[in-house]
Amino acid sequence: MALCAMLGEGNAKGVEMNRLTMTMFEPVQAHKALTQTIWPAIKAAIMAGHRMTVEVKSETRSLPQNARLWAMLTDVSKQVDWYGRKLTPENWKDVLTAALTKQDVVPGIDGGFVALGKSTSEMTKPEMCELQDLIEAFGAQQGVKFTAPEFIDPDTGEIT
């Protein structure tokens, strides 16, 4: 199948290519995906005159990890006064990811400051675990009682 059809684009004329994402988790499955699906799609697109970029990266955080993150941030938001202020879960995400990734801060256009750094949606599963460990440690220092359920898959170690 042509890459445009796989990506739901229909007509390849002058259309910018979208993204094809496949998760590979074991050697036989990865080899099959690369040789039977990805390579034929890339080859067809290149032969049709399109330029392609291939990116290989670690899998990002899971949806259960993300759900647990927001439950934890909500608990911190409800239970911690930060220098006389209550922060939103979104604000706490910025504060805690800045602590984890050593984010830089620059002056904003109209005053204030803007934190530069990594989005949690781009974090790998191990990075998300590290962030949640940091939140647990910070929460323990602040007396936070976490309500987020923890169901850990004994086979994968993932939060489900």
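Visitor: What should the 17 residues of helix α3 span at 1.5 Å a residue, and how far apart are its end C-alpha atoms?

Guide: This is a predicted model. Helix α3 covers residues 63–79 and should span 24 Å at 1.5 Å a residue. Its end C-alpha atoms are 25 Å apart, which agrees.

Visitor: Which residues of α3 are buried?

Guide: Among them are Leu69, Met72, Leu73 and Val76.

Visitor: What covers them?

Guide: The cover includes β2 (85–86), α4 (89–101) and α5 (125–142).

Visitor: Switching to α2. How many residues, and what reach?

Guide: Helix α2 has 21 residues, 27–47. It reaches 28 Å from first C-alpha to last, close to the 30 Å expected.

Visitor: Where does α2 bend?

Guide: At Ile38, by about 35 degrees. A proline, Pro40, follows within four residues.

Visitor: Which residues other than glycine have a positive phi?

Guide: Tyr83 is one, near 50 degrees. Lys102 is another, at about 55 degrees.

Visitor: Where is Tyr83? Buried or exposed?

Guide: Tyr83 sits in the loop between β1 (81–82) and β2. Tyr83 counts as exposed because its relative accessibility is 74%, and the cut-off is over 50%.

Visitor: And Lys102?

Guide: Lys102 lies in the loop between α4 and β3 (104–107). At 67% relative accessibility, Lys102 also counts as exposed.

Methods: Residues numbered from 1 in each chain as written. Predicted model: local features only at pLDDT ≥ 70, side-chain atom pairs only at ≥ 80, totals over all residues. Heavy atoms only, no water. Helix = DSSP H or I, 4+ residues; strand = E, 2+ residues; numbered from the N terminus. Expected span 1.5 Å × (residues − 1). Buried < 20%, exposed > 50% of the residue type's maximum accessible area, 1.4 Å probe, protein only. Contact = heavy atoms within 4.5 Å. Bend = angle between axes of the 7 residues up to and from the residue.
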